[in-house]
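The points below are grouped by topic and may be read alongside the sequence and the model.

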Amino acid sequence: MCQVEEDYNGLESELNNLCCMKCKEGTAVLIIRVNDAFCRSCFKEYFIHKFRAMLGKNRVIFPQEKVLLAVSGGTASCSMLSQVQEGLSREAPKKLRFVPGIIYIDDGGACGRSAEERQRSNALLKSIFTETGFTYFIVSLEQVFSLPTSVLVPGTSDPDPSNPSYKQAVDQYIKEKQTLTEENVASAVAQLNIEDSAYSPEHKLALERLFSSMKTLTAKEDMLQTLRQHLILHIARENGYSKVMMGDSCSRLAVKLLSNIALGRGAALASDTGFSDPRYGDVVIVRPMRDYSSKEIAFYSRMFNVPSVFISGLDTKTHDKASIQRLTESFVTNLQFDFPSTVSTIYRTSEKLHTVMPPQSQTAEPASKCLLCLCTLDTKVDKASAFHATLVSEQLSQIKLQDPSLDAPAQSAEQCCTEGQGCGPGGCCSSNRLPSHQDLKTLLCYSCRLTIKDMVATNTLPPYIITEAEKRQKRWEILLHNLNISFIKKKKCCHLLTLSKPE
Amino acid sequence: MPVQCSNCVQRRAVLKRPKTGHSLCKDCFFWAFEEEIHQTIVSAGLFNRGETVAIGASGGKDSTVLAHVMKVLNERYDYGLSLLLLSVDEGITGYRDDSLETVKRNQQQYELPLKIVSYEELYGWTMDAIVKQVGLKNNCTFCGVFRRQALDRGAMMLKVDKICTGHNADDVAETVLMNVLRGDIARLCRCTSISTASDGEGAIPRCKPLKYAYEKEIVLYAYFKKLDYFSTECIYSPNAYRGHARAFLKDLESIRPSSIIDVIHSSETLSIKEGVKMPVQGTCSRCGYISSQALCKSCVLLEGLNRGLPKLGIGKHHRLHGKILAQEPLTEQEEKKLKPVNCNCRL
């Protein structure tokens, strides 16, 4: 951008005479990036090759591994599904070598879709999934209310020394394959399909209450994303899937990077937008579509008839400034129009980041991970940091409370605060064992704190989150009890500043 | 029903803090604002006792508020600093000459010594002349690079220990966003430090005491304290790329006011992979200023201007640096690429 050599004019009229840049023979039918023209067959080859190259380069998917494909019904994830199908149907040496399953999360309850709409889209997707012949799971988001607390505990990633390296594993598999027959392999794939789209009315009500207690769309989207991840993680663990493939495209990831910066998720940027996301330990999230721009995916699905279903989400038909994510999307898209290298530049930036791992990540207690997003806590109060400045501002703008470390519930907004300031981080009132904002905040990373801050009532959170929060809180209190309580408590509340007000 | 100040609870609230949303009365707001800057200075250890500090003063709201607050805090908490004002004249008619009058008034109001350095005397070019040659796009590069060197040169002439500038939270957040959009990893990890590194001779450290102060609060402070400042935009700024980042940031702030600090927090907590190529700090072989290439940026830009090839500093022409150093003439093809294009703005 703003480069001297960039020159974007005069291409539209020349499309008719343009030759494919690869084979130089066929007439070009589309242009991707700035001026790369492709004919139909070369484009298909290019598309397929990119997928396989992405998997091959990163070498994280081992042969015979069970991989869950997270499909939302949109073009990107359906293209990913078709690529996997394509890859599995090839001749022996070039065949993709893993066992796929499909998962679709029906989040209509959070997005406000009616039961008929949900059934309709579920049926459409079911027909697409049965076509592929893979195992599939259609799960409704309401299931989140019956999740166990183990979802919030990262599993160990098995550093078993007997595990072979990638190359050895592939060689081993090829040798074994020659003795296996085709039927044995195929029968492993045809397993029980789960369509768990039924949900109880209490759960439905609970989900509606949860989302209506979030005041801003930004917080809703964040919470939806978190809950979806938890559900996918749970299904993957239950059914023995060690990898999950997400269909995030390059454009989507560029938007995600920028909006995560705006949300305060700088520490976890690499896991959120990189190729692999190891934060859950035993289940690794991979993003094989991260090299494809939305334009390429759209052209491919159009030209090669990839079946997809449009399902409206939380931010469909909202205006530009409805939420941070929506704003970032329109910003990047508009900027991309004037400066066509924007998305690829942002993508390249994301490749140069990495997540800081704490020194002993294997033995770290779960308490040092965020309760909701399971990334390492980034709320260590460095002396000169933005976080420290925020705490200072909060403190300076409010009347000093007697003992701000006392836990206080946020049961309902009406019961709190006589000063009329609202029940914010200051806390007030009597004590009860439901988690208050104050309790939860200490267990969350910076941006999850912001999401919870936008919640009116934290008791609408699913039970597994509340139980795990209480457990961690109790563990922390026991720790406090064993060490000197009053000294540590002072430090915990970060009230190191002794200020005197002018009268 | 009148709202009471959430801090003293006695007086009526007159404003709502953009940063936290609390309602405060005037005095509590002044106190909170000044106190936060004091905490920033103390916790980051920006200054030492007995140092001479130059305040980069442009006459705009940020530098006026900075000068005022520094003076107040210096007296209130006895920092023991001796302060003076340093101003840069870029030679933009209708903008800079008016704001310089404001700085001269500030000098009298705050009783601080003032020094003005100008592009004309340092480089032989004013911004107006530069824009005539370069065009309306890419001229912020010239101004910014030249200004930074001008500040350093002025500070060296005055023999100060530190320079402080009025960059506020919005500026830092915009810079972070811009660096992500441009893919500038090196700047991304440097731009959030509150103070530049102070190693190497000839490099006077620069710091940003207002780093965590919102622009809106600075405006409120200046308004309620009735400070004298100049409030017009630079006439060349509408075409800058930074405008996009700024508009985005303003929209973010309207959705969630804490976004500005959140962006700064993100940039402080992100980390770069090892093995990513980073520039190494050296010195310019022509003027001796700090530089990561053989020639520092302002020497390259100046060379381009003087030869009538203004695009020399814009875009990537590292290979040509060697030629320029050796004073060789450039080939015709290279010259053609570097000449100004007649109209290169998409207005």
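Predicted model: local features only at pLDDT ≥ 70, side-chain atom pairs only at ≥ 80, totals over all residues.

A:Thr379 is placed in the loop between E10 and helix H14 (386–396) of chain A. Setting aside residues up to four places away in sequence, A:Thr379 touches A:Phe387, A:Leu444, A:Cys445, A:Tyr446 and A:Arg449.

**The interface of chain B and chain A**

- Contact between the chains involves 55 residues of chain B and 62 residues of chain A.
- Between them, chain B and chain A bury about 5400 Å², and 65% of this area is on carbon and sulfur atoms.
- The interface has 14 residue pairs in polar contact, counting pairs with both residues at pLDDT 80 or more.
- On the side of chain B that touches chain A, at least two residues each come from helix H1 (26–44), helix H7 (169–182), helix H8 (185–190), helix H10 (242–255), helix H11 (259–269) and strand E8 (271–272) of chain B.
- H11(B) gives the largest share of that side of chain B, namely 9 residues.
- Sorted by class, the side of chain B that touches chain A consists of 22 nonpolar, 18 polar and 15 charged residues.

**Strand pairing between the chains**

- Strand E10 (residues 353–354) of chain A is joined to E8(B) by 2 bridges, and the two strands run antiparallel.
- Within E8(B), B:Ser271 is the bridge partner of A:His354.

**Salt bridges between the chains**

- Side chains of opposite charge can pair when their charged atoms come close.
- Across the interface of chain B and chain A, 2 salt bridges are found.
- B:Arg256 and A:Asp454 meet through their side chains in a salt bridge, with a distance of 3.5 Å from N to O.

**Salt bridges within chain A**

- Over all chains, the structure holds 45 salt bridges.
- A salt bridge links the side chains of A:Arg33 and A:Asp36, at 2.8 Å from N to O.
- In this pair, A:Arg33 counts as exposed because its relative accessibility of 51% is over the 50% cut-off.
- A:Arg472 and A:Glu468 form a salt bridge in which the closest N and O atoms are 3.0 Å apart.
- Both A:Arg472 and A:Glu468 belong to helix H17 (residues 463–482) of chain A, where they stand 4 residues apart, about one turn of the helix.
- A:Arg472 and A:Glu468 are both buried.

**Salt bridges within chain B**

- B:Arg17 and B:Glu36 form a salt bridge, their closest N and O atoms being 2.8 Å apart.
- B:Arg17 lies in the loop between strand E1 (15–16) and strand E2 (23–24) of chain B, while B:Glu36 lies in helix H1 of chain B, so the pair ties together parts that are 19 residues apart in sequence.
- Both members of this pair, B:Arg17 and B:Glu36, are buried.
- One network, held by salt bridges that share partners, joins B:Lys61, B:Asp62, B:Asp170, B:Glu174, B:Glu215, B:Lys216, B:Arg242, B:Arg246, B:Lys250 and B:Glu253.

Conventions
Residues numbered from 1 in each chain as written. Chains lettered and ligands numbered in written order. Heavy atoms only, no water. Contact = heavy atoms within 4.5 Å. Buried area = accessible area lost by both parts, 1.4 Å probe. Salt bridge = Lys/Arg side-chain N within 4 Å of Asp/Glu carboxyl O. Polar contact = N/O pair within 3.5 Å; in protein donor to acceptor, adjacent residues only side chain to side chain. Nonpolar A, V, L, I, M, F, W, Y, C, P; charged D, E, K, R; others polar. Pairing = 2+ DSSP bridges. Buried < 20%, exposed > 50% of the residue type's maximum accessible area, 1.4 Å probe, protein only.
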